[in-house]
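Hi,

Here is the structure I said I'd pass on.

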Amino acid sequence: MLYREAGDFKTSYHADNQTFPIKFDRIGFWITMAIAFLVIPFVINDYWANAIFVPFLIYAIAAIGLNILTGYCGQVSLGTGGFMAVGAYACYKLMTAFPDVSIVIHIILAGGITAAVGAAFGLPSLRIKGFYLAVATLAAQFFLVWLFNKVAWFYNYSASGQINAPERFVAGVAVTGPNTAPWAQYMICLVFLTVCALIARNLTRGTVGRSWMAIRDMDIAAEIIGVNPLKAKLTAFAVSSFFVGISGALFFSVYLGAVEVGEAFGIQKSFLVLFMIIIGGLGSIFGCFAGAAFLVLLPVALKVLGVDVLGWPTDLVAHLNLVIVGALIMFFLIKEPHGLAQLWRLAKEKLRLWPFPY
Amino acid sequence: MSADFLYGIEVIINGLMAGVLYALVALGFVLIFKASGIFNYAQGVMALFAALTLVGIMEGQVPFSHLINAIFGTEVHHFGWEVPALLAIAFTVLIMIGFAWAVQHFVFRHLVGQEPIILFMATIGLAYFLEGVGDLMWGSDIKTLALGLPQGGSLVVEEWTAGLGGDDFYGFFIDKLDMIATIVAILLVASLIIFAQYTKQGRAMRAVADDHQAALSVGISLNFIWVLVWSLAGIVALVAGVMWGAKSGVQFSLSLIALKALPVLMLGGFTSIPGAIVGGLIIGVGEKLFEYTIGAPYLGGATENWFAYMLALIFLVFRPQGLFGEKIIERV
């Protein structure tokens, strides 16, 4: 009853092509937007921003990026951490080289640079597939991390080898550096996430997205019906890396402020983002949000439960966290290979009939 | 002969020995991949888990003592006995077989017929799970593996080869442990080949690797074979874990050797045991030589982190199925 297409008449092409064709979805979208933009910034405090909201928003951008490549185009990548590092270091170099330019432009440019690097590492995907490609992307991961560690130019010859985000302002409000207010951190990440998600959603509905999905489902068949695999795969790599680069730039400049490359962007980060899209749902933008929220919240919830409530040592809880995440991955792959997004889809099917099941 | 040239040879010999260890890990991958089509990312963590278990049993640690202490407020750590190495190895093998059964029974039996990439991601989940369980069971501190294996450079080899060069050459420096690892690896490979060629189970294993359906129709139990290959992979992991653990201590970084084994596999081909060995040797020698000739002098060192992947990547672009892999035939 509540959730249905019936009665929602479209009278123009514009209405038929809108991002959320179903009225219920549209209402839900605007309510979510209203809460995210108008309520949370006023109630957010430092703990909630740093432990939950900012990492969630940033990982959601990375998950959208990886989901475009893996979920929509079928190319498994284990190089997400490396590409995030490219975004972070590109952003750092731009911030220090052109201090007068707005950081928003720097972050977008960092995404662009990452897109170029991603497309370059995507070139082998034209020859190699499946696992072979997954392992080949590890080359990107290890090479990029090594590069940012060894070449002093990337971290401006600082003695510690770290990069530190200088203070930058957007519309007179500090968004990076030590004096940033929690709501400012939250807002800049939210704006980027909203724009990225809308772009991603509309890309995947259009020609480009369909050619990606054709490649994912059967690349040879796709080639025969006229999809250019070179174009489809490289655009998937570029677009995916663009989002991943933006998330890396935000992760460094807004969230952490200071970054040591091996620690922040190591192989673990690649797996974390991969897990997000598996748990959330491959090939679904909603799944990126669900997966990112789940994997950001899980350690926090476990920590609250284990350390604060039960009084267990921190390292024990960290180990339990590994066990639970690992078990959940296997559980989801067995029971629900399409992830949380599929649960949401099923819920919507039920809503269509509710409250009269027949 | 000039000293530089001799040092180059020493680098190659050391690379060969490192390569043997890579091959040892890669072997575990190939076994499982051939028989079940599962690309087992957890192989490295299995090596870590096996080594942790071995140390834990030998020292008489109470499993899950950390967790028990946290829940019940007790202070248990050790049983107070020490188990001799051979007995401990036997126990560890039993545990790895139990693990193989559990993995097959609870996870991969339910995933039969899924896409390979789904299976691969499931093994990543398995790796996390096993890493967490290993830490919970035995604690996450670095442990030393006291099996009484000799350590340090071999003086005999050093003196014996010192005469090859001039006054500034002091002979080849070769770690005794590496020599033992090489011998063990050769023995292990030989016994695996004998097992696969001459025993009933080994033949059944190869039959499954060739064709699941045909193997089923002649009465081979797929479930049994899969438990068997996971057990074998567990034993190979134990050997690899012991060798690496004796070298650098039993710690988390041990599980990262799995990542090193991946380019080895890509080079050698996922389905070939000789490929795993040759690939391991090529990667071992390649990364040491690259570090010695180009990496350390010009690029600031530590190129070993990525060289293997780059080599495999470039290699794959020209030969996508690896050196010895079966030709990839794609059908629509």
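Chain A is built from 15 helices and 4 strands. Its radius of gyration is 21 Å, close to the 21 Å that the globule rule gives for 358 residues, so chain A is as compact as a globular protein of that length. Keep in mind that this is a predicted model.

Buried residues account for 48% of the 358 residues in chain A. As for how the chain meets itself, take the contacts in chain A between residues at least 6 apart in sequence: 76% of those join residues at least 24 apart.

Now for where the two chains meet. On chain B, 42 residues are in contact with 36 residues of chain A. Which elements of chain B give two or more residues to that side? They are α3 (65–72), α5 (116–138), α11 (257–268) and α13 (304–318) of chain B. The largest share comes from α5(B), with 16 residues. Sorted by class, the side of chain B that touches chain A has 32 nonpolar, 7 polar and 3 charged residues.

One more thing to look at is helix α12 of chain B, residues 273–299. A straight helix of 27 residues would span 39 Å at 1.5 Å a residue, but α12(B) spans only 34 Å between its end C-alpha atoms.

Cheers

Terms used
Residues numbered from 1 in each chain as written. Chains lettered and ligands numbered in written order. Predicted model: local features only at pLDDT ≥ 70, side-chain atom pairs only at ≥ 80, totals over all residues. Expected span 1.5 Å × (residues − 1). Contact = placed C-beta atoms within 7 Å. Nonpolar A, V, L, I, M, F, W, Y, C, P; charged D, E, K, R; others polar. Rg over C-alpha atoms; globule rule 2.2 N^0.38 Å. Buried ≥ 20, exposed ≤ 12 C-beta atoms within 10 Å, placed from the backbone.
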